[in-house]
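I opened my notebook to see what this structure would show me.

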Amino acid sequence: MSGLFGTLSIALSGLSTSQQALETTSNNVANANTPGYSREVSVLEAGAPIVYGSVSMGTGVVLDQIESLRNPILEIQLNQQTQQQNSLSTQLTELQQIQTSFSSSTSGIGADISNFFNALQQLSPDPSNLALRQSVLTAAGNLATDFNTAANNLTTQQGNLNQSVIDDIGQVNTLTAQIANVDQQISQLQNANEDANTLVDQQTNLIRQLSALIDVQVISTGNGGIELTTSNGTALVTGSQSFALSTSLGPGGTEQVMSGSQDITSTITGGSLAGIIQIRDQQIPGILSQLDQLAAGFANAVNGANAQGYDLNGIKGGNIFTTPPAGGTGAATAMHVAITDPSLIAASSDGTSGSNGNVANLSAVANQSVANGETPINFYSNLVFQIGSTTSNTSADADASSQILQQLEDQRGSVSGVSLDEEAANMVQYQTAYQAAARVVSTVNGLLLDAVNLGIDTAQE
Amino acid sequence: MRVNPDPMPDLLAALNQTELQTQRDELELSTGSDVNQPSDNPLAAALLIENNDQATFNASYLQSLNTINGQLSTADSTLSSVETTLQQAISLGIEGANGTLSASDRTDIAQELQGIQSQLISLANTSYEGNYLFGGTETTAPPYAASSSDPSGVTYNGNSGVNKVSVGNGYQIEVNLPGSQLFSAAGNNVFLALNNLITAMQSNSDIASATNGLSSASDYLTAQRVFYGNSMDQVQSQTTYLDTAKQQIAAQQTSLGAADMATAATNLSMAQTDEQAAMEAISKLSQNTLFDYLR
C-alpha cells in the first residue's frame with residue numbers, strides 16, 4: 001500500500017493533467033479562427049497500476065499525448081481539388097475577358113462584315129455615287145479596326161498573362177522555401193520526440209497555398225519529412241531543401257517555366273499557373289489564328305474581286321485592303337484599308353463609270369468560302385460559338401469544382417475545425433476534474449494532519 | 001457525426017450564388033436579352049450574329065429596291081412622255097401628207113417636227129439623281145446629242161450596258177434599257193424615223209411612208225417600255241416578300257435572344273428573397289456559444 005502520500009500523488013496527477021487538458025482547450029479556443037489549424041485533443045491515460053498480490057492499485061492519470069486531429073487523405077483531396085479549382089477559375093476569368101470582344105451581335109466584327117456588304121449593296125443601284133463609295137470604304141475601315149482591336153486585346157491579355165506567370169513562379173518559390181524551412185524544424189522536433197502539431201498545421205497550410213498555384217504532390221518520407229514534386233515529377237522540395245523554379249523568355253515571346261534547364265511549362269496541370277498557361281498558350285493563340293484566317297481570307301477575297309473590275313477612272317481595280325502577310329499570321333492585327341480615294345473601288349465591269357457589274361463580284365464574297373471552307377459570317381459566328389461554349393463549359397466545370405472543394409472543406413471542418421461548444425464542454429469537464437482533484441488533496445491533507453497530531457482534532461480548532 | 005463547426009464559408013458561397021443570379025436577372029431585365037455574352041447561350045449567340053447578318057441584308061435589299069423603284073418609275077414616266085410626243089409627230093405627219101397643204105404649211109410642220117426632235121433628245125437625256133437613265137452604263141454624260149451630219153440627226157454616246165442589282169439572295173433585277181435598244185434600235189430607230197419625216201416634209205416626198213416608219217418605230221418603243229412595267233412589278237413583289245421576311249427575321253431574333261421578362265422578373269424576386277434569407281441566416285449565426293451559458 002502506498003498510503004496517504006500515494007493518494008496525494010494520484011490527486012496531483014489529476015491536478016496537473018486537468019491543467020494541461022485545460023491548456024489544450026485554451027489553445028483550441030485561441031486558434032478557433034486560425035486558417036489551417038487542426039483542433040487538438042488531450043489523450044489521457046491511466047497511470048500504470050501497482051500490483052499487490054491479487055490487488056492492483058491505480059497510480060493516477062498521465063497525459064499520453066496532445067493529438068492533432070487531421071485526416072491526411074482529406075488533406076490530399078483538398079490539395080488536388082484546390083489545384084483543379086484554381087486552374088478552372090483562372091481560365092474562367094480570362095475567358096470571360098476574352099468573350100467581351102465577341103459579345104455583341106449588332107456591333108463588332110460580325111456586324112462589321114454585314115455592314116460592309118450592306119454598303120456595297122447600296123452602291124449597286126448607283127455605282128458612281130461618291131458618297132456611297134465612301135461609305136463602303138468607311139465600312140471596310142470599321143471592319144479592319146475591329147479586327148485590329150480584337151487581336152490587340154488578345155495580345156495584350158497574353159502579355160498580362162506572361163507577367164502573371166512570373167508573379168506566380170515568384171510566389172511558388174517563396175512558398176517552397178517556407179515549406180522546406182518548416183520541414184527542417186519539424187524534423188528537428190520529431191527527432192527530439194517533441195510535438196510538432198503546430199508546425200505540421202503550418203506546413204499543411206503552406207502546401208494548400210502552393211496548390212492554388214501549381215500542381216503539387218506530397219510524398220511522405222517518414223518521420224515527418226516530406227517531398228514535394230509537380231505531378232510530372234519535377235522536384236520542388238526534398239526535406240529541408242527547396243528547388244526554385246525560374247522563367248525564361250521562349251521563342252514565341254512567352255515566359256516559359258523552367259526547372260533548372262528543363263522547360264516544364266506544358267507539364268503543369270494544376271493551380272492558377274495551369275489555367276494561365278492553358279489560356280495563354282492554347283486559347284488565345286487559337287482564337288488569334290482564327291481571326292487571322294478570317295481577316296486574311298476576307299481581305300484576299302475582296303481584293304481579288306476588286307481586281308476583276310474597273311474603278312471610277314476606268315482603271316483596273318487595285319487592293320481595297322493591304323495585302324495580308326503571307327501565311328496569314330498577324331493578318332488581323334495588320335488589317336488595314338489600303339485606299340482613301342473612294343473612286344478606286346472597282347464597281348464597274350466594263351470600265352464605264354455607270355456600270356455596277358463588278359459590285360456583284362464584290363458582294364459575292366459574302367457567300368464565298370474565305371476561310372476553312374466557310375463564308376465570312378459563318379466562320380465568325382462559329383468562332384463566337386466556340387468561345388461561348390468554351391467559356392460556358394469552363395464555367396460549369398469551375399462551379400462543380402468549387403462545390404466539391406466546399407464539401408471537402410466542410411469535411412475537413414468536421415474533422416479538424418474547432419467547435420467552441422465542444423471546447424466549452426471540455427473546459428467544464430476539466431475544470432470539474434481539477435476541482436475534484438483539489439478536493440482530494442485537501443481531504444488527504446486533513447487526513448495527514450489527523451495522523452500527525454494523533455487524534456487531536458486539529459481540523460476543528 | 002461531428003458537423004463542421006464553421007458554417008460561414010458555406011453561407012457566404014450561397015450568398016455569392018444568389019448575388020450572381022440577381023446580377024444575371026437584372027442584366028437580363030435591363031438589356032431585354034438573355035444572351036448578353038456568348039457563354040450565356042453559345043448557339044444562340046452564334047445564330048444571333050447570322051440573324052443580324054440576314055436582317056442587315058434584308059434591310060439593304062429593301063433600300064436598294066426603293067432606289068431602283070425611283071429609277072424605274074422615272075424612266076417609265078419619261079417613256080410615257082416620249083410616246084405622247086411621238087404621237088404628236090405622227091399626227092403632224094398624217095396632217096402633212098394631206099395634198100391640200102401649201103409649201104409654207106409643210107415648212108411650219110417641219111419646224112414643229114424639229115421642235116419635237118429636240119424635245120425627244122431632251123427626254124432621252126433624262127437623269128435620275130445625277131445619272132442618265134438611257135445611256136446604258138455611260139451614266140455621267142448625256143447619251144444623245146444633236147448632229148446634222150448623222151442621218152438620224154443625233155449621235156448616241158452611250159453604250160449597250162445593262163446593270164443588274166441584287167434584290168435578294170441570288171435574285172437580280174435588270175434596272176435599265178440602254179438608249180440603243182429604246183430610241184436608236186437598229187430597224188426601229190425613232191430618231192432616224194423622225195429625221196426622215198422632217199426631210200420628207202421639207203422635200204414633200206414620201207411623207208406618208210415616212211409617217212408609217214415613225215409609227216412602227218414608235219410601236220417598237222412602246223413594246224420595249226413593257227420592260228419597265230415588268231421590272232416595277234418585280235420590285236413591288238420583292239418588296240412585299242422582303243417585308244414579310246423582315247418580320248420573320250425579327251421574330252427569330254426575339255425567340256433567340258429576347259429575355260422572357262415575366263420569368264426574369266420572377267427569378268429576380270426569387271433570387272432577392274434567397275439573398276435576404278442567406279443574409280438573415282448569417283446575421284443570426286451563432287452569436288451564442290455554450291460559453292455564453294456557463295456563468
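This is a predicted model: local features need pLDDT of at least 70, side-chain atom pairs count only at pLDDT 80 or more; totals for chains, interfaces and linings use all residues.

Entry 1: I began with strand β5 of chain A, residues 217–222. Next I looked for its partner. β5(A) is joined by 5 bridges to strand β6 of chain A, residues 225–229, and the two run antiparallel. I picked one pair to look at: S220(A) sits opposite I226(A) of β6(A).

Entry 2: I turned to strands β5 (residues 164–168) and β6 (residues 171–174) of chain B. They pair in the antiparallel sense, with 4 bridges between them. Across the pair, V165(B) faces I173(B) in β6(B). How many residues lie between the two strands of this hairpin? I found 2 residues there. In the turn, G170(B) has a positive phi of about 75 degrees.

**Entry 3: domains of chain A.** I looked up how chain A is divided. Domain 1 takes in 3–69 + 418–460, and domain 2 takes in 77–407. Domain 1 is therefore written as two stretches of the chain, given the bounds from the domain assignment. I then looked up the distance between the domain centres. Taken over C-alpha atoms, the centres of domain 1 and domain 2 of chain A are separated by 66 Å. Domain 1 of chain A gives 7 residues to the contact, and domain 2 of chain A gives 8 residues. I sorted the domain 1 side by class: 3 nonpolar, 3 polar and 1 charged residues touch domain 2 of chain A.

**Entry 4: the nonpolar core.** The largest core has 141 residues. Which residues have the most contacts inside it? They are F147(A), A295(A), L194(B) and L197(B). Helix α4 of chain A, residues 130–191, supplies the largest share of this core, with 19 residues. Setting aside neighbours within four places in sequence, L194(B) is in contact with A89(B), L113(B), I116(B), Q117(B), L120(B) and L214(B). Another core, of 5 residues, lies apart from the largest one; A11(A), L15(A), A437(A) and V444(A) are among its members.

**Entry 5: one helix, checked.** I ended on helix α3 of chain A, residues 109–123. Its 15 residues, at 1.5 Å a residue, should span 21 Å. The end C-alpha atoms are 21 Å apart, so the two values agree. Is α3(A) enclosed or open? 15 of its 15 residues are buried, so the rest of the structure largely encloses it.

Key: Residues are numbered from 1 along each chain as its sequence is written. Chains are lettered from A and ligands numbered from 1 in the order in which they are written. A residue is buried if 20 or more other C-beta atoms lie within 10 Å of its own, exposed if 12 or fewer, and partly exposed in between; C-beta atoms are placed from the backbone. Two strands pair if DSSP finds at least two bridges between them. Two residues are in contact if their C-beta atoms, placed from the backbone, lie within 7 Å. Ala, Val, Leu, Ile, Met, Phe, Trp, Tyr, Cys and Pro count as nonpolar, Asp, Glu, Lys and Arg as charged, and the others, Gly among them, as polar. A nonpolar core is a set of buried Ala, Val, Leu, Ile, Met, Phe, Trp, Tyr and Cys residues joined through C-beta atoms within 7 Å. The expected span of a helix is 1.5 Å times one less than its number of residues.
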